[in-house]
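Student: I'm new to this one. Can you put the structure up and take me through it?
Tutor: Here it is; ask whatever you like.

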Amino acid sequence: MQIIPIAGGKGGVGKSLLSVNLSIALAQSGKKVVLADLDLGGSNLHMMLGSGKNASGIGSWLTRTDVEFEDIIIDSEYPNLRFIPGDAEIPGLANITAGQKRSLIKKIYSLEADFVVLDLGAGTSFNTLDFFLTSGCGIIVTSPALTATLNAYLFLKNVIFRMITTSFRGKSPAKEYIDKLAAKGDGLQRVYIPGLLEKLEELDPKKFADFEKKFFKFKPMLVMNMIDNPKDSVKAEKIKRSCEQYLGIEMEYLGVIFRDHLQDVALNSRLPIIKYKPESVISMAVYRITDRIIQKSLEDNNMLDIQTLEETYQNAEMEAEMDFDYKQQDLEAMFHSGALTKGELIETVKSQQFEISALKKENNLLKHKLLKASQQGFKL
Ligand SMILES: Nc1ncnc2c1ncn2[C@@H]1O[C@H](COP(=O)(O)OP(=O)(O)O)[C@@H](O)[C@H]1O
Ligand SMILES: [Mg+2]
């Protein structure tokens, strides 16, 4: 069984959209899937799934003795997909105790399924961080907005700091060092993770070895949602570079999802977009991400080498351009249906041509740099 927690730090970037549609796509490909709404306190997944009323869920299980965990796992209208609602009705659910969290995680680990998808809330509460750490390969969702990418990065930094603090328990100089850092108000914001790790290895090599084993397995995957322009895809590489440089982790790029007005229509009809319009640009992106996840689950996680990792970024950029072309066809259709005036169409095409020529220039520049680098490489 593989757990896929979906987080991102920021609200409104599409975590729930991806959770629901990815779960349906996995189920459609014959996998047994359980989708759990762990955005405790802000549960809205039942609405996105179109499962009608808010059935009793995790909140009821935690607060009522007559509700068994098995009772809150409900069949969805999709074959192979079961659903665990969150229960927004129960006040204070966002602040479940450490004990409650542990029993919940235990129950999640014991679910019988091929994939368990966890839709997490925004923010970096210990609960969210720990749900994310139920698996080494959770998904980080971001939009291209600077605040969103920064939140995604800071979320990962918090996750790693959480891995560190939970690995160095008990009285030791390493623990004292961490406590001192955490006590400073902005200690975590400033800490340079690779430097901290070096220090901890020096202070407690034994515990560090245990930590390192976990750390190596930590390979989060990135999805860039709500892009308007193929160029936005490049912003994912910036996050990747920051994560490598400042956090010491490698991240795979699962792909991009364009912003699509059809999602609003789907939402209004209370249907997941993958059901409402399987051929929409969002659905196609979700299917692509699903294929990649299934493919990855077949391979050994640790076998993913650097070259493949680099390729995921190149592929995602190519796909972004292909989706862009597809969206342009959409524009044409809109024009012919009268939804778009001639003036609007001309305006849109002009701005797209501008983007394309800018992209071409950039591409040529990169090719030139690459060629130069390889020539210098050969000379050496
Ligand atoms: N690619 C997209 N195109 C258009 N609308 C989107 C897209 N992704 C998400 N949305 C919309 O943005 C809003 C926030 O998405 P949601 O999945 O609820 O975010 P989160 O769970 O991260 O808070 C929702 O109304 C959703 O329908
Ligand atoms: Mg959500």
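Student: Which residue in β5 is the bridge partner of alanine 36?
Tutor: Leucine 118 is the bridge partner of alanine 36. Strands here are DSSP runs of E with at least two residues, helices are runs of H or I with at least four, and both are numbered from the N terminus. This is a predicted model, where local features need pLDDT of at least 70, side-chain atom pairs count only at pLDDT 80 or more, and totals for chains, interfaces and linings use all residues. Residues are numbered from 1 along each chain as its sequence is written, and chains are lettered from A and ligands numbered from 1 in the order in which they are written.

Student: How many bridges join β2 to β5?
Tutor: Six, between residues 33-38 and residues 115-120, and the two strands run parallel. Strands count as paired if DSSP finds at least two bridges between them.

Student: What's the strand order in the sheet?
Tutor: β3-β4-β2-β5-β1-β6-β7-β8, an open sheet of eight strands with mixed pairing. β3 (74-75) and β8 are at the edges with a single partner strand each, so each has one side without a neighbour in the sheet.

Student: Now the core. Which residues have the most contacts inside the largest nonpolar core?
Tutor: Leu118 and Leu222, in a core of 89 residues. A nonpolar core is a set of buried Ala, Val, Leu, Ile, Met, Phe, Trp, Tyr and Cys residues joined through C-beta atoms within 7 Å. Buried means 20 or more other C-beta atoms within 10 Å of a residue's own, exposed means 12 or fewer, and partly exposed is in between, with C-beta atoms placed from the backbone.

Student: And what does leucine 222 touch, leaving aside neighbours within four places in sequence?
Tutor: Its contacts there are Ile140, Ala236, Ile239, Met251, Tyr253 and Leu254. Contact means C-beta atoms, placed from the backbone, within 7 Å.

Student: Why does methionine 226 count as buried?
Tutor: Because methionine 226 has 22 C-beta neighbours inside 10 Å.

Student: Where is arginine 259, and what is it in contact with beyond four places in sequence?
Tutor: Arginine 259 sits in the loop between β8 (252-258) and α12. Its contacts there are Met226, Ile227 and Asp228. Arginine 259 is partly exposed, with 17 other C-beta atoms within 10 Å.

How values were computed: Two residues are in contact if their C-beta atoms, placed from the backbone, lie within 7 Å.
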